[in-house]
Amino acid sequence: TRKPQKRKVVLKLQTVNFVVQFEEAFEIEADPLSSVHVCEIDFADLIEGREDSVFAEAAFEEDDGKVTEEIETFVPFKHLQIEKTSISYSIIEVTDEYVIRMVSSSLVLFVELDLKQADGIFSENYFNLSSKREKVITLKKSEIRYPTLDAQPIQSGWDLEQQLVIRSWSDT
């Protein structure tokens, strides 16, 4: 950005079932329009023989508490030993939007949200559930479009739950 940035970065090595093997936090500052080298860590001894069941996650926390995660695996995704797991979620209707709160007990890659009879612009889509941390997604009521006149309108959280489709990489 054009402004200086301060972030807390938490780096974790964890199993696909979220058992933390290593964790370290860093406070970083970046000048405008620049990048910062945070660290280099050799995980070779920690992952030897189980490269297909661990991953590294960097979580960047902004001043407002919003967290953005990035993950890195040590083998291609198709070789990860992850089992299909269920995603628990709840939907809350607030004045002008729906709030979807999601959690999983293990790594879920490339989560996609869709609607059966409508199009919607979710605050985030195609993301990973990479920790026990709750993922919060919003869908503004004004950003729901109905492609046909006979499409069932979404008028409540219950209606949204009936139309919501959640897919992930393990569904393919």
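1. A cavity here is a set of grid points where a 1.4 Å probe fits but cannot get out. The model is predicted, and it holds two cavities of 30 Å³ or more.

2. The largest cavity has a volume of about 50 Å³. Its lining consists of Glu69, Asn128, Leu129, Ser130, Ser131, Arg133, Glu134 and Lys135. By residue type, this lining divides into one nonpolar, three polar and four charged.

3. The second largest cavity has a volume of about 30 Å³. Ile82, Glu83, Leu107, Val108, Leu109, Ser168, Trp169 and Ser170 line the second largest cavity. Five residues of this lining are nonpolar, two are polar and one is charged.

4. How many salt bridges does a search of the whole structure find? The search finds ten. Side chains of opposite charge can pair when their charged atoms come close.

5. Arg133, one of the residues lining the largest cavity, forms a salt bridge with Glu57, with 3.2 Å between the closest N and O atoms. Arg133 sits in the loop between β9 (127-129) and β10 (135-145) while Glu57 belongs to strand β3 (residues 54-61), so the pair ties together parts that are 76 residues apart in sequence.

6. Glu97 and Lys140 meet through their side chains in a salt bridge of 3.4 Å, N to O. Glu97 is in strand β6 (residues 97-104) and Lys140 in strand β10; the pair links distant parts of the chain, 43 residues apart. Glu97 counts as buried because its relative accessibility of 15% is under 20%. Lys140 has a relative accessible area of 35% and is partly exposed.

7. Arg167 and Glu112 also meet in a salt bridge, at 2.8 Å from N to O. Arg167 lies in strand β11 (residues 164-167) and Glu112 in strand β7 (residues 108-115), so this pair ties together parts 55 residues apart in sequence. Glu112 is buried, with a relative accessible area of 15%, while Arg167 counts as partly exposed at 35% relative accessibility.

8. Salt bridges that share partners join Glu57, Glu69, Glu124, Arg133 and Lys135 into one network. Glu69, Arg133 and Lys135 in this network are also among the residues that line the largest cavity.

Key:
Residues are numbered from 1 along each chain as its sequence is written. This is a predicted model: local features need pLDDT of at least 70, side-chain atom pairs count only at pLDDT 80 or more; totals for chains, interfaces and linings use all residues. Side-chain values use heavy atoms; hydrogens and water are left out. A salt bridge is a side-chain nitrogen of Lys or Arg within 4 Å of a carboxyl oxygen of Asp or Glu. Helices (H or I, at least four residues) and strands (E, at least two) are DSSP runs, numbered from the N terminus. Buried means under 20% relative accessible area, exposed over 50%, partly exposed in between (1.4 Å probe, protein chains only). On a 1 Å grid over the protein atoms alone, a cavity is a set of points where a 1.4 Å probe fits but cannot get out, and a pocket is an open set with protein on both sides within 12 Å along at least five of seven lines; lining residues have an atom within 4 Å of a point. Grid points are joined across faces, edges and corners, and a volume is the space filled by probe spheres set on the points. Ala, Val, Leu, Ile, Met, Phe, Trp, Tyr, Cys and Pro count as nonpolar, Asp, Glu, Lys and Arg as charged, and the others, Gly among them, as polar.
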